[in-house]
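Hi,

Here is the structure I promised to pass on.

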Amino acid sequence: MTAKDRKVIINKDWCKGCGICVAFCPKNVLALDHHDKIEVANRDACILCGQCELRCPDFAIWLGGEADE
Amino acid sequence: MSSTLISNYFREANLPHIWCPGCSNGIVTRALVKAIDELGLDKNKVTVVSGIGCSSRAPGYLDFNTLHTTHGRALAFATGLKLANPDLEVIVITGDGDVSAIGGNHLIHAARRNINITTIVFNNNIYGMTGGQYSPTTPTHALGTTAPHGNIDKPFDITQLAAAAGATYAARTTSYHVNQLIKYIKKGIENKGFSLIEAASICPTYYGRKNKSGSAVKMMEFLRDNYIDIKAYDKLPDDKKIGKETMGEFKEITLPEYTDEYLRLIENLKGAEK
């Protein structure tokens with residue numbers, strides 16, 4: 001798996017909707033949906049920096065490949 | 001469904017964890033695991049020991065040798081573990097109340113001995129698990145359920161306490177500065193001696209609500225905006241220091257390690273018999 005193949009993956013079942021990943025995403029890629037769970041609102045803007053994965057208290061968001069889904 | 005890091009090092013059947021929304025315990029626990037992964041340690045040679053409290057629940061989620069002990073005594077159990085099995089990498093997970101109130105003496109004496117244990121302190125400035133009582137690190141004038149009119153105590157600086165007591169590596173950062181936290185934990189594990197890494201943490205449910213600190217995001221912004229590296233802090237004029245907290249590496253020295261000294265003593269005494 002090359003870095004290029006990676007993308008943000010979300011496990012909504014583990015998300016508790018704290019909003020930390022939304023607030024500290026440098027490119028405003030993420031948003032809370034109508035159930036207050038995380039979703040990718042603007043995938044094209046994602047620069048794969050991994051700030052969301054570093055600060056998610058619930059391990060609900062990460063950079064991964066097909067195998068992680 | 002989880003990342004490779006989580007599936008490799010966590011007991012996934014126990015996830016999701018029970019910590020509150022926005023609690024930074026998950027961030028610090030993941031940072032510890034990331035540090036262990038980057039160091040390439042053998043999982044079977046790592047032992048994580050904890051006491052009692054919200055943060056001390058972490059070993060239950062971790063797929064290493066784990067030991068959940070009594071309140072404040074994680075370092076006492078860890079000391080026995082390390083002396084009996086010097087090859088194990090012993091890591092203690094503890095909270096501010098666990099390590100500086102109930103286990104305060106265990107902390108200073110483990111530091112004084114310079115035993116090769118790495119202690120990660122999740123400092124959320126309050127007793128979260130039992131309902132928001134003030135702890136030894138609750139700031140003066142802050143509110144807790146047992147300080148409804150404001151705390152009149154002065155808080156401990158756990159990192160400097162450990163450094164003064166004899167720790168050979170003592171550093172503090174926050175759960176916002178995660179890459180720095182991972183770096184410090186790696187240095188702590190690699191230090192042959194007693195290491196303490198304090199992670200300034202957030203408790204939105206008890207500390208945050210009691211003190212009207214706002215959401216988890218607001219509390220993370222507070223960590224980002226108010227923690228200043230000790231070197232930069234020292235250069236600030238006095239009026240700019242008000243309300244600021246310090247982070248960075250407070251101590252990094254080399255001294256004889258306790259387990260080594262103990263084993264050397266045994267070898268010397270064996271020699272004396274002949």
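Starting with chain A: among its contacts with a separation of 6 or more, 54% are between residues 24 or more positions apart (contact means heavy atoms within 4.5 Å). Chain A has two helices and four strands, and they come in the order β-α-β-β-α-β along the sequence. Helices (H or I, at least four residues) and strands (E, at least two) are DSSP runs, numbered from the N terminus. Of the 69 residues in chain A, 45% are buried, where buried means under 20% relative accessible area, exposed over 50%, and partly exposed in between (1.4 Å probe, protein chains only). Chain A exposes about 3,600 Å², with carbon and sulfur atoms supplying 46% of that; the areas come from the Shrake-Rupley method with a 1.4 Å probe, and for residues only the protein chains shown count as cover.

Before you go further, some housekeeping: this is a predicted model, so to speak of local features we need pLDDT of at least 70, side-chain atom pairs count only at pLDDT 80 or more, and totals for chains, interfaces and linings use all residues. Residues are numbered from 1 along each chain as its sequence is written, chains are lettered from A and ligands numbered from 1 in the order in which they are written, and side-chain values use heavy atoms, with hydrogens and water left out.

Now the interface. Chain A and chain B bury about 2,200 Å² between them, 68% of it on carbon and sulfur atoms; buried area is the accessible area (1.4 Å probe) that two parts lose on being put together, summed over both. W14(A), L54(A) and F59(A) supply 33% of what chain A buries against chain B, more than any other three residues. The contact draws on 20 residues from chain A and 28 residues from chain B.

There is one salt bridge between the two chains (a side-chain nitrogen of Lys or Arg within 4 Å of a carboxyl oxygen of Asp or Glu). E53(A) makes it with R30(B), the closest N and O atoms being 3.0 Å apart. On the chain A side, β1 (7–10), α1 (20–24) and α2 (51–55) each supply at least two of the residues that touch chain B.

Inside chain B, R172(B) is worth a look. D157(B) forms a salt bridge with R172(B), closest N and O atoms 2.7 Å apart. D157(B) sits in the loop between β6 (133–134) and α6 (158–165) and R172(B) in strand β7 (residues 169–174), so the pair ties together parts 15 residues apart in sequence. E198(B) also forms a salt bridge with R172(B), at 3.0 Å between the closest N and O atoms. That pair links distant parts of the chain, with E198(B) in strand β8 (residues 195–200) and R172(B) in strand β7, 26 residues apart. R172(B) is buried at 5% relative accessible area, E198(B) is buried at 4%, and D157(B) is partly exposed at 25%.

Elsewhere in chain B, D63(B) and K43(B) meet in a salt bridge (3.1 Å, N to O). D63(B) is partly exposed at 32%, and K43(B) is partly exposed at 27%. K34(B), E38(B) and K186(B) are linked in a network of salt bridges. Over all chains, the count comes to 16 salt bridges.

Cheers
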